[in-house]
Protein chains: 2
Amino acid sequence: MALKVKRVGVALVGCGVVGGATATLLTRDRELLGARTGLQLDLLHIVDKDFGRAELAGLDRRLFRTELGTALADPAVAVVLELAGGTGFARDVIRKSLEAGKHVVTANKALLAHHGRELFELARRKGLSISFEASCGGGIPIIRALYDGLIANRIDALYGIVNGTCNHILTQMTQAGRTYADVLAEAQGAGLAEADPALDVSGMDSAHKLTIMAGLAFGVGVELSAVPVEGIDKLEPADVAFGKELGYVVKLLAIAQRLEGGVCLRVRPSFISREHPLAWVSGPFNAVSVYGHATGHTMYYGRGAGGSPTASAIIADIVSAASGVAGLFRDTVRVWPELHEPRVLVPEDELELRAYLRLMVDDHPGVLAQITAVLARHRISISSVLQKEMPEKSADPALAPVVIVTHATRQGDLRAAVAELAGLEPVRRPPMLINIIDEHEEGF
Amino acid sequence: MALKVKRVGVALVGCGVVGGATATLLTRDRELLGARTGLQLDLLHIVDKDFGRAELAGLDRRLFRTELGTALADPAVAVVLELAGGTGFARDVIRKSLEAGKHVVTANKALLAHHGRELFELARRKGLSISFEASCGGGIPIIRALYDGLIANRIDALYGIVNGTCNHILTQMTQAGRTYADVLAEAQGAGLAEADPALDVSGMDSAHKLTIMAGLAFGVGVELSAVPVEGIDKLEPADVAFGKELGYVVKLLAIAQRLEGGVCLRVRPSFISREHPLAWVSGPFNAVSVYGHATGHTMYYGRGAGGSPTASAIIADIVSAASGVAGLFRDTVRVWPELHEPRVLVPEDELELRAYLRLMVDDHPGVLAQITAVLARHRISISSVLQKEMPEKSADPALAPVVIVTHATRQGDLRAAVAELAGLEPVRRPPMLINIIDEHEEGF
């Protein structure tokens, strides 16, 4: 059957790991992409200041530009790929591209989490699209699932392992009993973690992605600054080991759930049962579990980062933008961030959660009585208490760890109790609180 | 922001489990669907001969029609849902709907596997769309992943657990050591298996789905009759138990893979390692692993059947058809079945696979020597041999099972050897051959 092949001019801004991989895919796999997408994707401009990586990748030097203006002035360019990252220059790139009448494809979660609303509004006014599959979950088509495949659902909850660096570090800590610092250093050496890992290990990158996904899933505006975020940098091998003994593995979970009063978002290191559907997600892999009122549990798994998986999502978005599919979705479904006023989130303190609590105490008679009295005063019901010997190589050989597992408790009460426990004289280190997240129940 | 709400008339043909659930969702959740999809989905006709289920579901009797013609003559109907099943009447429903200028949404894998090409050709000629997300994997948006999210990939392999009845039976056999017949009877009693389970347990339902998914994944025409299909009805608890001892769980896998000479498809009960990414997929759940040259491994998990999950996929397809998205995809990407001539598949016999072989033999000296001589003659290298005692309750207490695990071997040689072994005098029952499927390697 003879079908027309449409030519689509593409400009790429920011030729780092993801930009380089995208340019490589667009040029090396030109024929394959044409045969599958029905579009002739012409990479016309590569905009950056440093072409070191682009040269290493053997990209055509004739495409290199140091000025964005050249690309935007080119009428053959239909789609601009913003792969520069950050929230300054990148914001400018997207604004100027839309002003110049170009569709935008971006992988920039930080920018969308901070300034998405304003940019999507501009795109809508201009009749253009911003596509952002690559912003969450790398090559996993989770954004599409939320605006397309699951559109018939009231989404009740979303649980994501969405930072590959953190999941790699936690997997190593769990499987090999190593320390956070040790695994991080090795991961940096192997290029599996950034030289400055702060955005990843602080949980902030996960919060960016959660904000974007929850906005689509629940059709609500989400204020990033209202999301409680905790990273993995305070986790100790002892907690990983105690958790393991209790049947749990630790994961950095980005969680959004619908409650009677609204939506609650949070990013926290969490214990999940070894039988939990996310427990087997190991190493740099990501996964997002989504609970819909009609589908029940669906889950999306894959490489959440890396040049070539992310480039796969970017190219799917170019097809969506250039074919007009993105515009039709913009004009039809109602889950987009610019359509919903930011909403006050339900505070995490109102959740009822189980918890693991680890205290480092002077090993004196009566200490446990003191601790349990505090918990009782805060109406916290204890499921089990383990008074443990500290693992070898402890920094505090004189202290004894007390591990308490609670029944489901209002998180606010739990945190008040932890604050009080921290002030007890025999409690010699800041208490460690890790929530235990049970498998979400399907709503039908 | 004020956006137009478009009204979309829907006619539903076939009000069984899936049809009833779809009608219920469309009517009960009308407001929710309007708010999320931006479309006012008006269910205008329910066509069937028997309205027992429709009445039980409390659907509006004024919508009941016994003739398709009324619905097709209604100019307000934009989309017809073919949920009648089977390959006779259903084929007629789709043809007539397209002739009447209606888009079609169907859940009918058997029909598409047998007659998809002809129906998609008709839809294209008419400028209409056939959407079929619900045909594979129930509520899991796997079809969308193949034509949209993963479009930038050369797909190298696809491994699916796509029949919930089989996976439920195998999970029970594995976890509780029960017999196939025993679990099946219980599942039928509980409504988890059809009264006539043949299509499911024979593997044919999985083959239908594999044919559809592989067509999109590889952009090839697939002749269903060329796909080797084996069901789960011959599996014995002894094999499940021996596999477990060796570190394997048994799953009915639908596998499509790209080889140098083309594409190979098959449906077989298979042993996979407990560490394999599909090993934890239990009970009625489905999952599909897709390996793309850019994404590496991605996986899609959820309920592969049931009224409400399947209805979720059907409604997503109504949105796609009515918004024009389905038409844009039809006119842009090139993975559709009608665009590719059926292609000769690579025969399974050419694959190099590991295998588990179980023989029931007279326990005489020299039997093992006879067996290993046959294997050696067929150039089959043995990884391990277990001569086992038969589990209790064996039907053949006089016979001894011999379990052989081979290294990777050309499947054709293996099957020739098995045929020869079956003819040996001391081999008293048909040999059982189960391939051991290792985790697919990502191609980058």
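Visitor: Which residues does A:S289 touch, not counting residues up to four places away in sequence?
Guide: In this predicted model, A:S289 belongs to strand 10 of chain A, which spans residues 285-292. Leaving out residues up to four places away in sequence, A:S289 touches A:A157, A:L158, A:Y159, A:L278, A:H297, A:T298 and A:M299.

Visitor: Is A:S289 buried or exposed?
Guide: The cut-off for burial is a relative accessible area under 20%. The relative accessibility of A:S289 is 1%, and therefore A:S289 counts as buried.

Visitor: What is the length of the polar contact that joins the side chains of A:S289 and A:H297?
Guide: A:H297 is among the residues that A:S289 touches. Their side chains are also joined by a polar contact, at 2.7 Å.

Visitor: How many residues has the largest nonpolar core?
Guide: Residues with the most contacts inside this core include A:I46, A:L81, B:I142 and B:I318. Leaving aside neighbours within four places in sequence, A:L81 is in contact with residues including A:V10, A:L26, A:I314 and A:I318. The largest nonpolar core has 226 residues.

Visitor: How many residues has the other core, which lies apart from it?
Guide: Among the members of this other core are A:V281, B:I255, B:A279 and B:V281. The core has 42 residues.

Technical notes:
Residues numbered from 1 in each chain as written. Chains lettered and ligands numbered in written order. Predicted model: local features only at pLDDT ≥ 70, side-chain atom pairs only at ≥ 80, totals over all residues. Heavy atoms only, no water. Helix = DSSP H or I, 4+ residues; strand = E, 2+ residues; numbered from the N terminus. Buried < 20%, exposed > 50% of the residue type's maximum accessible area, 1.4 Å probe, protein only. Polar contact = N/O pair within 3.5 Å; in protein donor to acceptor, adjacent residues only side chain to side chain. Contact = heavy atoms within 4.5 Å. Core = buried A, V, L, I, M, F, W, Y, C linked by side-chain atoms within 4.5 Å.
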